[in-house]
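Student: I have a structure to read today. Can we go through it together, term by term?

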Amino acid sequence: MNREIQFDLLWYHVKQRSQCKSHCFHGFDHWMRVLRNGRVLASRTGADNDIVELFALFHDSCRWSDSTDPGHGARGAELARQLRGDLYELNDEDFDRLHYACTWHQDQDFSDDPTIGTCWDADRLDLGRVGIIPDPQLLNTKFAKQLAYETNLEEALVTYYNNLYGAFNPHSESSREN
């Protein structure tokens, strides 16, 4: 299937309608780090890049607060369903993986699906923003586990990303080509 994803319009649209875009811990800056982390991980895990990028956008997009927010992943998955067909298209199987990854990213630990595991690991590798060191035993992919042992995880992720794509610019079309 030839995918059609208007990433720039999609990110703009979701950011504008999100109630959490300015939240300290789960807002837009977090989404961008999950996007970066997901791209780095996908380069080694074989994950579907489009699903990983869409996960970065939708997984926390419907949070109501930075504190405990049950159901926020399912709300993000529902937003993904609502926008499917307008600003992006995935076949049913791939959409089901995106929906599952968003819905369960906070309530489940492991997935045998490398794309879902990559999505969840990309989010968990950003736990440093709240003072939590990611536990390698709670990560899905071998590469994420390896990264979790880095002395300076953030610096390592930036370095890996820059080596793959150049300076991080999430809105650059060239950064999406790989």
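Student: What makes Tyr161 buried or exposed?

Tutor: This is a predicted model, where local features need pLDDT of at least 70, side-chain atom pairs count only at pLDDT 80 or more, and totals for chains, interfaces and linings use all residues. Residues are numbered from 1 along each chain as its sequence is written, and side-chain values use heavy atoms, with hydrogens and water left out. Now the cut-offs: buried is under 20% relative accessible area, exposed is over 50%, and partly exposed is in between (1.4 Å probe, protein chains only). Tyr161 has a relative accessible area of 0%, so Tyr161 is buried.

Student: How do you know whether Tyr165 counts as buried or exposed?

Tutor: Its relative accessibility is 18%. The limit for buried is under 20%. Therefore Tyr165 counts as buried.

Student: Why is the pair of Tyr161 and Tyr165 called tilted?

Tutor: Rings of Phe, Tyr and Trp (its six-membered ring) pair if their centres lie within 6.5 Å; planes under 30 degrees apart are stacked, over 60 edge-to-face, and the rest tilted. Here the centres are 4.7 Å apart, and the planes are at 35°, so the pair is tilted. Both residues lie in helix α8, 4 residues apart, about one turn of the helix. Helices (H or I, at least four residues) and strands (E, at least two) are DSSP runs, numbered from the N terminus.

Student: How many aromatic pairs does a search of the whole structure find?

Tutor: The search finds 7. There is also one aromatic cluster formed by Trp11, Phe28 and Trp31.

Student: What makes Lys15 a charge over the ring of Phe28?

Tutor: The rule needs NZ of Lys or CZ of Arg within 6 Å of the ring centre and within 35 degrees of the ring normal. Lys15 lies over the face of Phe28, at 3.9 Å from the ring centre. Likewise, the charged end of Arg44 sits over the ring of Phe143, 4.2 Å from its centre.

Student: How do you know whether Cys102 and Cys119 are buried or exposed?

Tutor: Cys102 has 0% relative accessibility, so Cys102 counts as buried. Cys119 also has 0%, so Cys119 counts as buried.
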